[in-house]
Structures are given as C-alpha cells and as structure tokens.
Amino acid sequence: MVKKEHIIISILVILILIFGMLIINETLLKGDAKTNESSKVTREVLSNSTDEPGTVEVIKNIGNPNGKRIAYVVGVHPLEYQTHQTLVRMLPEMDNLTNCYDIYIINVTEDVGHYGDGSSDNSQGRQNGQNLAYRYVYPEILNGNYELAVDVHSNVGAYPYRTFVFSPVKEHTSAEYARNVADSCENISYYAPDSTTSGPFLTIPLNEHGIPAFYFEEYSFAPQDDKDKHMMELIFAVDKLKFI
Ligand SMILES: [Zn+2]
C-alpha cells in the first residue's frame, strides 16, 4: 500500500522539477535575447601570423549601426598601451552614440621595449607596430567607407602640450576636424608637431587617399582618472563632429 506521505512527496518533487525547468528555460530565452541584442558588435582577427611581430584585431559596430563610420586605431606604438586600453575599455560602454565605431587593435609582441631603457623613442617595437598598421589596418580603413580615422597615441611630455590632437597634413579636412574637436574640449589642445614617425605608415597615406585621419595624443604618465576624463572628452567631441 502506498503511503499518503509518499504521494505528497512525489507530487512536491514533480512540482519542483516543473518549476525548475520553467526557470531554466526562461533564463536560456533571456540569454538568447541578450546575445542577439549585443551581437552587432563583433571582434575579428585581421592577422595572427607567426611571421609577424604581433597581432591585429578589430572590434566592429560600436554605437549606432546606421551612423557614419569612424575608425579608431590603437597600438601603433606599443609602449603607449595605457591610453589604448582606456579607449578600448570606454568606447564600447558608451550609450547613445550618433556614429558607428570600429576599433583597430595592434598588439605588438616582439621588442615592445620599456620606458627608461634609453631607446624607447626608436625601439624596434615602434617600427613593428607601424609595419603592422601599414600592412593590415591601412587597407581596411582605406576601403571601409569611413568618414574619419583617429590614431590614438601618448607621449612622454616633450611637446609644449601634453594632451592634444592634430593632423599630420596641414590645410586638410582632417586638420579642420581635429581643430573642431580641440575647440569643444576643455582639456584637449590643437598642436601639430613638425613631424611624426608613424605618419607615413597610416595617417598620412589615409589623408592623401581621401580618408581624413588625425592623431590623439595623451600624456603617458597622466593619472588614470585624467586619462579617462580626456578620453571621454575626445569620444564625445568626435561623436558631435559634422562631416563635410
Ligand atoms: Zn605614438
């Protein structure tokens, strides 16, 4: 004879199982919805060849997928990674962006060098990053329907300004965009050094072939809070630009 308690316990176990399955199902459905929501942002590898001194990746479709397309580039000079990481951390977290952003990420792994080694300004790591930029990032941006490219760097304070934007090509649309950005930022100036080492590998040929490209320079040793504040100013100012 089946005891009454056994029947009650069996019914309870069955009810718990049913509820459990409902909850699991619900969670899976929500998970799916979330994946779809964020799946417009993709991360792709452009090069991970062992013949190269590093890798190149791109995070695509940040912001408004129907907006104008803008490319950010980080990692051309590997020692400047703190500023690069600041952009890569902050830009994908921004809400209500007007434009659509792709971030090209160069990750030099050979001869990165280090500050204070006396050779950081001409270390092989800088040339490695510049070569990767020219081989893998330049053609993508040139053929990618972009209104603008912003190459993100930092400096050790040898210029009259520490946080600034500039175009390596004077009297160019890119210089106008960079000036507009500086005008609308409290902490970002316009200052164009006479020459740059990386210009010939990315920003100069982009400008010469119809894609406006300018530099953002941060002070390498600025506190992280300042780097965040300046990056926020840059991101907002670029997002407000009126493109010609
Ligand atoms: Zn640099």
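Arg43 stands opposite Ile59 in β2. Strands β1 (residues 42–47) and β2 (residues 54–63) run antiparallel and are joined by five bridges; two strands pair if DSSP finds at least two bridges between them. The two strands form a hairpin, with six residues between them. This is a predicted model, in which local features need pLDDT of at least 70 and side-chain atom pairs count only at pLDDT 80 or more, while totals for chains, interfaces and linings use all residues. Residues are numbered from 1 along each chain as its sequence is written, and side-chain values use heavy atoms, with hydrogens and water left out.

Ser47 belongs to strand β1 and stands opposite Val56 in β2. Ser47 counts as buried because its relative accessibility is 4% (buried means under 20% relative accessible area, exposed over 50%, partly exposed in between, with a 1.4 Å probe and protein chains only). Beyond its neighbours within four places in sequence, Ser47 is in contact (heavy atoms within 4.5 Å) with Glu52, Thr55, Val56 and Tyr136.

## Sheet and packed helices

The open sheet consists of eight strands in the order β1-β2-β4-β3-β5-β8-β6-β7, with mixed pairing. Its edge strands, β1 and β7 (189–190), each pair on one side only. Helix α2 (residues 81–90) packs on the sheet and touches β2, β3 (69–74), β4 (100–108), β5 (148–155) and β8 (213–219); its direction makes about 135° with that of β5. Helix α6 (residues 224–240) lies across β3, β4, β5, β6 (164–166) and β8, and runs at about 160° to β8. Axes are lines fitted to C-alpha atoms, for helices over the stretch in contact, and angles run from 0 to 180 degrees between N-to-C directions.

## Nonpolar cores

A nonpolar core is a set of buried Ala, Val, Leu, Ile, Met, Phe, Trp, Tyr and Cys residues joined through side-chain atoms within 4.5 Å. The largest has 37 residues, of which Tyr72, Val165 and Val238 touch the most other members. A second, separate core of 19 residues includes Tyr104, Val137, Ile211 and Ala213.

## Chain totals

The protein chain has six helices and eight strands, where helices (H or I, at least four residues) and strands (E, at least two) are DSSP runs numbered from the N terminus. Of its 244 residues, 43% count as buried. Among contacts with a separation of 6 or more, 79% are between residues 24 or more positions apart.
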